[in-house]
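Here's a quick briefing to read alongside the model. Take a look at the structure first, then work through the points below.

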Amino acid sequence: MTTTELTAPPGVRKEERRRRGRTGAGRQMHAGPVTYVVLAVFALVSLAPLVWTAIAASRTDRRLAQSPPPLWFGGNLFKNLQSAWDEAGLGTAMVNSVVVAGTITLSTVLFSTLAGFAFAKLRFRFSNLLLLLTIGTMMIPPQLAVVPLYLWMSDLGWSNQLQTVILPSLVTAFGTFFMRQYLVQALPTELIEAARVDGASSLRIVWHVVFPAARPAMAVLGLLTFVFAWNDFLWPIIALNQQNPTVQVALNSLGTGYVPDQAVIMAGALLGTLPLLVAFLLFGKQIVGGIMQGAIKG
């Protein structure tokens, strides 16, 4: 606020702020009709696979084999959902996936934030080298680690157990690098030094300074990690069996047989997708709000 605004009457200051809101750098941006058309097209294209999955799940296998394919919903949705639920044993699989994805998400967000803070703001020997090694692990294809990882889990006696899937994903190089890049800009070094001057311990600094500043990035990383852990198929199909599966492993059993029922497979895929949609509907607003809050602070 300028000196002229401070000395002006309240009514004049209010009018000046209103005028600047219309013409200044902070004015609101209004989208035109072309923007809404483009957004609508992208929304329809993004929703098309999910809508087609729901349509296919509501039809019979014979109808799906006909040409042209159906373009609207049928009357077999709940029947196919029930068949997929029973044939794949999705009750146990859903619980296992919630445990696996939830544990991996919480541990990845926590450990990646701590590691990212250390690389971003703490000074210790070989920090740059360790960061380069961490980033370098992202360049190794995960398929190369399958055999030694399986042998290691077998030596621990964890075959066909959920900890076999959880342990290798407790922290990720991507999460560490992501949080480090965010905290370099979002967390002022002066704020940490002020907390130390006030006598705050390292644990208190992390809890009261680092976590609040990193909350927007933690929300984004948590959503990405949960989606990846929920949809992971390669390692769970190797480490688990059909008696103790995750959702993706259980859905794999629907494709077996001489003539797989495509409608039931689509119904199973729809059931496996619904938890992700529910999670985004419940927490999407908080995640977007956290991103906007971080952008405003930045």
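Let's start inside: by class, the lining of the largest cavity has six nonpolar, two polar and one charged residues. Here Ala, Val, Leu, Ile, Met, Phe, Trp, Tyr, Cys and Pro count as nonpolar, Asp, Glu, Lys and Arg as charged, and the others, Gly among them, as polar. Keep in mind that this is a predicted model, where local features need pLDDT of at least 70 and side-chain atom pairs count only at pLDDT 80 or more, while totals for chains, interfaces and linings use all residues. Residues are numbered from 1 along each chain as its sequence is written, and side-chain values use heavy atoms, with hydrogens and water left out.

**The cavity**

- The largest cavity holds about 40 Å³ of space, and a search of the whole structure finds one cavity of 30 Å³ or more.
- On a 1 Å grid over the protein atoms alone, a cavity is a set of points where a 1.4 Å probe fits but cannot get out, and lining residues have an atom within 4 Å of a point.
- Grid points are joined across faces, edges and corners, and a volume is the space filled by probe spheres set on the points.
- Its lining includes Ser-97, Val-100, Trp-230 and Asp-232.
- Which helix gives the largest share of that lining? That's α6, with three residues.

**The largest pocket**

- A pocket, on that grid, is an open set with protein on both sides within 12 Å along at least five of seven lines.
- The largest pocket has a volume of about 1,100 Å³.
- It is lined by 32 residues, and the closest to its centre are Pro-142, Pro-168, Ser-169, Thr-172 and Phe-228.
- Sorted by class, the pocket lining has 24 nonpolar residues, seven polar and one charged.
- At least two lining residues come from each of α6, α8, α10 (173–186), α12 (202–231) and α13 (234–239).

**The overall build**

- The protein has 15 helices and zero strands; helices (H or I, at least four residues) and strands (E, at least two) are DSSP runs, numbered from the N terminus.
- Of its 298 residues, 32% count as buried, where buried means under 20% relative accessible area, exposed over 50%, and partly exposed in between (1.4 Å probe, protein chains only).
- Among contacts (heavy atoms within 4.5 Å) with a separation of 6 or more, 69% join residues 24 or more positions apart.

**Two loop residues with positive phi**

- Most residues other than glycine have a negative phi.
- Phe-126 has a phi near 65°, a positive value, and lies in the loop between α6 (90–121) and α7 (127–136).
- Is Phe-126 buried or exposed? Phe-126 counts as exposed, because its relative accessibility is 52%.
- Asn-160 also has a positive phi, near 60°, and lies in the loop between α8 (146–155) and α9 (162–166).
- With a relative accessible area of 33%, Asn-160 is partly exposed.

**An aromatic pair**

- The whole structure has five aromatic pairs.
- One of them joins Trp-207 and Phe-211 edge-to-face, at 5.9 Å centre to centre and 70° between the planes.
- Rings of Phe, Tyr and Trp (its six-membered ring) pair if their centres lie within 6.5 Å; planes under 30 degrees apart count as stacked, over 60 as edge-to-face and the rest as tilted.
- Trp-207 and Phe-211 are four residues apart in helix α12, so about one helical turn separates them.
- Trp-207 counts as exposed at 56% relative accessibility, whereas Phe-211 counts as buried at 16%.
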